[in-house]
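Please open the model in your viewer and keep the sequence panel beside it. The tour below tells you what to select at each stop and what you will find there.

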Amino acid sequence: MGFKCGIVGLPNVGKSTLFNALTQTAAAQAANYPFCTIEPNVGDVAVPDPRLEKLAAIAKSAEIIPTRITFVDIAGLVRGASKGEGLGNQFLANIREVDAIVHVLRCFEDDDITHVEGKIDPVGDADTVETELMLADLESLEKRVKPIEKKANSGEKEAKEAFALMTKALVLLRDGKPARLADLSHEEREPYRQLGLMTAKPVLYVCNVDEGSATTGNKFSTAVEEMAKRQGAGAVVISARIEEEVAQLPATEREEFLQSLGLEEPGLNRLIRAGYTLLGLITFFTAGPKEARAWTVTKGSRAPQGAGVIHTDFEHGFIRAETIAYDDYVANNGEAGAREAGKFRLEGKDYVVADGDVMHFRFNT
């Protein structure tokens, strides 16, 4: 089950520096000029979760396997991208392929690094990129809606449903609002997602601050956080420069370096977790002598769907899920203790997987 977050933003805001730190590679070229990233770079990273190490210690697991999330570094957008300015068409096509958008905003002053708009205004930068995405969505929808409307008027049921969803998006876009603000029923969410609208994707704003503001943020990041709150979006404060330095240090030296800066953990850990939350994902675990492993499911998934993440045969032949809540597993020092304490549960096909569940699935072959 692959989940992709696309890293977007104007040129020279620190996207590629952030991506390099995320993947601990130099795969994304970071340079002080627009369009240094031509093809999207892809990095697959582990989602940090201290619960996994604790489970492995209790179960005496030989191997620890975290869950993962994919980040795609997409080249910098500029004003006019929706009309093909810069490498606009290519960038927009790459954004359409991701599940969520991580929008990096420049929240630092540095005379040595050119700002494509000539001033430091992260909220304005966010508006610039959002506007380009909305214009591209609007153009795409207006091209597609006419034939659907004709079919809907002829009484075709699927076309009627599609036209209703397209109309919801068009009303918002024509009013200068992103498609993600649409009021949707649970049943409408998936077909709406399939419209492929960039502004329907969830957004996380990353405030790239100077090293001195990594712990407290600054006036620029505060403005972004206020904007994100109004939009119901997420925001994370990170210094990409610090994260790049951390990524290049030996693992044994990282904690001491972070402590010297007053940081408890790499900012990237918070970014990865925030991306995971942004996509509406939760984690369940399997634990035993062979391995302790984290698995990803969307929030609201039922037990058979969780089993299917491990293997499709598990979902098709699902019988039951042997389940222990994480806190109960730890408090009772593993499965045997949890059984004795009455914390071991047998759950059926209607059980909704909870974050942190330690599970074992029974199934027919």
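Begin by selecting Arg-51 and Tyr-326: Arg-51 lies over the face of Tyr-326, at 5.9 Å from the ring centre, where a charge sits over a ring if NZ of Lys or CZ of Arg is within 6 Å of the ring centre and within 35 degrees of the ring normal. Before moving on, note that this is a predicted model, in which local features need pLDDT of at least 70 and side-chain atom pairs count only at pLDDT 80 or more, while totals for chains, interfaces and linings use all residues. Residues are numbered from 1 along each chain as its sequence is written, and side-chain values use heavy atoms, with hydrogens and water left out.

Now turn to the pairs of aromatic rings. A search of the whole structure finds four aromatic pairs; rings of Phe, Tyr and Trp (its six-membered ring) pair if their centres lie within 6.5 Å, and planes under 30 degrees apart count as stacked, over 60 as edge-to-face and the rest as tilted. Select Phe-285 together with Tyr-326, and you have a tilted pair with 6.4 Å from centre to centre and 45 degrees between the planes. This pair links distant parts of the chain, since Phe-285 belongs to strand S8 (residues 281-287) and Tyr-326 to helix H13 (residues 326-331), 41 residues apart; helices (H or I, at least four residues) and strands (E, at least two) are DSSP runs, numbered from the N terminus. Are Phe-285 and Tyr-326 buried or exposed? Both are buried, a word that means under 20% relative accessible area, with exposed meaning over 50% and partly exposed in between (1.4 Å probe, protein chains only). Next select Phe-284, Phe-318 and Phe-361, which ring pairs link into a cluster.

The next stop is a pair of helices. Select H4 (residues 122-153) and H7 (residues 219-231), whose axes come within 8 Å and cross at roughly 45 degrees. That angle makes H4 oblique to H7, because angles under 35 degrees count as roughly parallel, over 145 as roughly antiparallel, 65 to 115 as roughly perpendicular and the rest as oblique. The axes are lines fitted to C-alpha atoms, for helices over the stretch in contact, and the angles run from 0 to 180 degrees between N-to-C directions. If you show the side chains, Pro-122, Val-123 and Ala-126 in H4 meet Phe-220, Ala-223, Val-224 and Met-227 in H7, with contact meaning heavy atoms within 4.5 Å.

Compare this with H8 (residues 240-248) and H9 (residues 251-260), which pack at an angle of about 150 degrees with their axes 9 Å apart. H8 is therefore roughly antiparallel to H9. The residues in contact are Ile-242, Glu-245, Val-246 and Ala-247 of H8 and Arg-254, Phe-257 and Leu-258 of H9.

Then select helix H1 (residues 15-23), which is mostly covered, as nine of its nine residues are buried; among them are Lys-15, Phe-19 and Leu-22.

At 49% relative accessibility, Asn-364 counts as partly exposed, and it touches Asp-313, Gly-317 and Ile-319, not counting residues up to four places away in sequence.

Finally, show the whole protein, which has 14 helices and 12 strands, and in which 48% of the 365 residues count as buried.
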